[in-house]
Amino acid sequence: MAWFILLFLSLVWGTSFILIKKGLAVFSSDELGSVRITIACLSLLPFALKNIKQVPPDKWKYIIGSGFVGNLFPAFLFAYAETKLASGLAGVLNSLTALFTLIIGAIFFQQKIAGLRLAGILIGIAGTAILIFGGGSQATGTSNAFFGIYVVIATAMYGLSLNLIKHRLQGIPALTMASMALFSVGPLAFGYLCTTSFFYKLAHVPGAYEALFYIALLAIFSTAIGLVLYNRLIHLTNTLFASSSTYLMPIVALLWGVLDGEQILLMHYIGMLVILAGVLIVNRSR
C-alpha cells in the first residue's frame, strides 16, 4: 500500500505542472489559481462541514495560515511562474520544499540543523541559482528560467505550512486539516474568480472546457486528494520514505515537459542535478 501511494503521488504531483500549462492555454494565471482552489475546496467541502466543530478554537489561526501559505498563494505563484517557465523546470524547483521546511523550522521553530544538512541546503541553493540564472530561453522561445523565482517563493511558503502543521496542528486528522485549510481560503478564491473574465471565457472561448477539465484534475487529485494521501503515507511509513516522491516527481514532470515539446538547456540539467543532490543530502542526513 505504501509503495502504491508513493508511486501514485509521484505521478499525480509530477503531472500537475503540465496540467497547469494546459490550463494556461485559455485562462490567465490568476483565473487558474482561483478556480483551482475553488474546485479543491468544493471537493473536500462535505468533510469540512462534517468536522468543523472538531477543530479547537485556538487552532483556527494556524489552519487559516496554512490555508493561505500552503494552498492559496502557491496556487497563484505556480500558475504565474509557468506563464514563462517550462513545466519540467517548475517540477524540479518544487523539490526545494524539503530544504525550506528545514530552514524555516530552524529559524522559527527552534529545530536544529546538523552540519551535513546545512551543506545540503547550501548545495540546493547553489543548484537553484544555476538553474534560474544559468540558462537562456526555452520552451516557446519567450520563456525564461528567471520566473523560477516565483516557484522558489511558493516552496518557501510550503515549508512554512508544513512547519505549522507539524508544530502547531498536531493531533488533528489529515483529512480534517486539509479540508478545513481549503475551506478557509476557498470562498476568497471564488470571490476573486467572480471578478475575472473566467465565466466569459468559459462561455465564449474555444477550448475553455478542455482547459477547465485539466484544472479540475489538478485541483481534485493534486491539491485535495494528494494532500490527504501524503499524510496517510507518513502514517504508514515515515517521512524519509515519503520524501522519496521528491526524486520521482521531477522525473515525471520533466518527461511530460519533453513530450510536450519543451526544450531544456544543459545548464538547466546541471542545476537540477545539483538541487536534487542537495535535497538528497538533507533527507539522508540526521
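A polar contact is a pair of N or O atoms within 3.5 Å; within protein, one must be able to donate a hydrogen and the other to accept it, and residues adjacent in sequence count only if both atoms are side-chain atoms. This is a predicted model, where local features need pLDDT of at least 70, side-chain atom pairs count only at pLDDT 80 or more, and totals for chains, interfaces and linings use all residues. Residues are numbered from 1 along each chain as its sequence is written, and side-chain values use heavy atoms, with hydrogens and water left out.

**View 1. Asn-51 in helix 2.**
Asn-51 lies in helix 2 (residues 29-51). Helices (H or I, at least four residues) and strands (E, at least two) are DSSP runs, numbered from the N terminus. The side chain of Asn-51 reaches the backbone oxygen of Phe-47 at 3.0 Å. Is Asn-51 buried or exposed? Asn-51 is buried, because its relative accessible area is 9%. Buried means under 20% relative accessible area, exposed over 50%, and partly exposed in between (1.4 Å probe, protein chains only).

**View 2. Thr-223 and its partner Arg-36.**
Thr-223 lies in helix 10. Its relative accessibility is 8%, so Thr-223 counts as buried. The side chain of Thr-223 makes a polar contact with the side chain of Arg-36, at 2.9 Å. Contact in general means heavy atoms within 4.5 Å. Not counting residues up to four places away in sequence, Thr-223 touches Arg-36, Ala-40, Asn-71, Leu-182 and Leu-218.

**View 3. Ile-20 in helix 1.**
Ile-20 sits in helix 1 (residues 2-23). Ile-20 is buried, because its relative accessible area is 2%. Ile-20 and Arg-36 are 16 residues apart in sequence, and their C-alpha atoms are 9.6 Å apart in space. Leaving out residues up to four places away in sequence, Ile-20 touches Leu-32, Arg-36, Phe-78, Ala-79, Glu-82 and Leu-218.

**View 4. The largest nonpolar core.**
A nonpolar core is a set of buried Ala, Val, Leu, Ile, Met, Phe, Trp, Tyr and Cys residues joined through side-chain atoms within 4.5 Å. Which members of the largest core touch the most other members? Of its 63 residues, they are Phe-27, Leu-85, Leu-89, Leu-93 and Leu-131. Helix 10 (residues 208-236) gives the largest share of this core, 10 residues. Apart from this core lies another, of 9 residues, including Val-55, Ile-63, Leu-169 and Met-177. Phe-27, leaving aside neighbours within four places in sequence, is in contact with Leu-32, Phe-198, Lys-201, Leu-202, Ala-208, Ala-211, Leu-212 and Ile-215.

**View 5. Ile-275 in helix 13.**
Ile-275 is found in helix 13 (residues 266-284). Its relative accessibility is 0%, so Ile-275 counts as buried. Not counting residues up to four places away in sequence, Ile-275 touches Val-92, Leu-93, Ser-95, Leu-96, Gly-124, Gly-127, Thr-128 and Leu-131. Asp-58 is 217 residues from Ile-275 in sequence, and 38 Å away in space, C-alpha to C-alpha.

**View 6. Phe-108 in helix 5.**
Phe-108 belongs to helix 5 (residues 97-108). Is Phe-108 buried or exposed? Phe-108 counts as exposed, because its relative accessibility is 54%.

The expected span of a helix is 1.5 Å times one less than its number of residues. Helix 7 (residues 148-168) has 21 residues, so it should span 30 Å, and its end C-alpha atoms are 30 Å apart, which agrees. Buried residues in helix 7 include Val-151, Tyr-158 and Leu-164. The buried residues of helix 7 pack against helix 3 (60-81), helix 4 (87-93), helix 5, helix 6 (115-133) and helix 8. Helix 8 (residues 174-193) has 20 residues and reaches 27 Å from its first C-alpha to its last, close to the expected 28 Å. Where does helix 8 bend? Helix 8 bends by about 35 degrees at Val-185, and a proline, Pro-187, follows within four residues. The bend at a residue is the angle between axes fitted to the seven residues ending there and the seven starting there.
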